[in-house]
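Here are some quick notes on the charged pairs in this one. Have the model open while you read.

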Amino acid sequence: MKGGRGGLVYSTEHGRICPTCRRPVAACTCRGAAASMPASSDGLVRVSRETGGRGGKTVTVVRGVPLAADALAALAKSLKAACGTGGTAKDGAIELQGDHRDAVIARLERDGWRVKRAGG
């Protein structure tokens, strides 16, 4: 193992573990601002439709939005309300139940984002 620090990434007691400071991610002190903002992207928000791994159910996925986790959750809430559907914001992406690509693209473009339809 590199650096001889060990490879603990998950604990049943605390959940995910930060590999740098070896504390639970919720109590991590080393990532601070870096964890609150996602890595830089190319400036495009990509909207796609996925069905894989969901029992055949269709999900609209929005990726590439350069927002912090709390702002991403607020955007997800407004998109869910606009589409009249459920969904979530996790792992830096917004997932909406159903195929709402056209409505999501129109809403994001109206809000000033550069949007691209990804996939088929």
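Does Arg63 count as buried, partly exposed or exposed? Arg63 has 40% relative accessibility, so it counts as partly exposed (buried is under 20% relative accessible area, exposed over 50%, partly exposed in between, with a 1.4 Å probe and protein chains only).

1. A word on the ground rules. This is a predicted model, where local features need pLDDT of at least 70, side-chain atom pairs count only at pLDDT 80 or more, and totals for chains, interfaces and linings use all residues. Residues are numbered from 1 along each chain as its sequence is written, and side-chain values use heavy atoms, leaving out hydrogens and water.

2. Arg63 pairs with Glu50 in a salt bridge at 3.0 Å, N to O (a side-chain nitrogen of Lys or Arg within 4 Å of a carboxyl oxygen of Asp or Glu). Glu50 sits in strand 3 (residues 45-50) and Arg63 in strand 4 (residues 59-63), so the pair ties together parts 13 residues apart in sequence. Strands are DSSP runs of E, at least two residues, and helices are runs of H or I, at least four, both numbered from the N terminus. Glu50 is partly exposed too, at 23%.

3. The structure holds seven salt bridges.

4. Now look at Arg117 and Asp102, whose side chains meet in a salt bridge at 2.3 Å, N to O. Arg117 belongs to strand 7 (residues 115-117) and Asp102 to helix 3 (residues 101-110), so this pair ties together parts 15 residues apart in sequence. Asp102 is exposed at 55%, while Arg117 is partly exposed at 36%.
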